[in-house]
Amino acid sequence: MSKPKIPTTIRALEAAETRGAADVLAQGMRDNPLHVQALGENPERRERALAGVFRAFLFMEATRKGRVL
């Protein structure tokens with residue numbers, strides 16, 4: 001049985017979308033063993049810390065360089 005295909009669009013990230021994108025990245029990387037070691041056992045704390053890092057990075061990249069897809 002094949003999985004249904006989900007339509008996907010790749011485009012540049014707009015500055016207004018950086019917060020949501022950062023939150024998605026933080027959720028996806030929260031339980032990465034490297035992040036657990038670096039940021040501790042508390043998953044909510046790790047997610048908040050990662051979201052902050054990703055927000056700053058994505059905003060800078062999206063607004064200054066325009067290369068985030």
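## Salt bridges around Asp31

In this predicted model, the side chains of Asp31 and Arg30 meet in a salt bridge at 3.0 Å, N to O, a salt bridge being a side-chain nitrogen of Lys or Arg within 4 Å of a carboxyl oxygen of Asp or Glu. Asp31 is partly exposed at a relative accessible area of 45%, and Arg30 is partly exposed at 25% (buried means under 20% relative accessible area, exposed over 50%, and partly exposed in between, with a 1.4 Å probe and protein chains only).

Asp31 also forms a salt bridge with Arg46, whose closest N and O atoms are 2.8 Å apart. Because Arg46 lies in helix α3 (residues 43-65) and Asp31 in the loop between α1 and α2 (33-39), this pair ties together parts that are 15 residues apart in sequence; helices are DSSP runs of H or I with at least four residues, numbered from the N terminus. Arg46 is buried, at 4% relative accessibility, and a network of salt bridges links Arg30, Asp31, Arg46 and Glu47.

## Helix α1

Helix α1 comprises 12 residues, 18-29, and reaches 16 Å from its first C-alpha to its last, close to the 16 Å expected at 1.5 Å a residue, where the expected span is 1.5 Å times one less than the number of residues. Its buried residues are Thr18, Ala22 and Ala26, and they fall within an arc of 70° seen down the axis of α1, so they line one face of the helix; the arc is that of the directions from the helix axis to the C-beta atoms. Val24 and Gly28 are exposed on the other side of α1.

## Basis of the values

Residues are numbered from 1 along each chain as its sequence is written, and side-chain values use heavy atoms, with hydrogens and water left out. As the model is predicted, local features need pLDDT of at least 70 and side-chain atom pairs count only at pLDDT 80 or more, while totals for chains, interfaces and linings use all residues.

Notes. Helix = DSSP H or I, 4+ residues; strand = E, 2+ residues; numbered from the N terminus.
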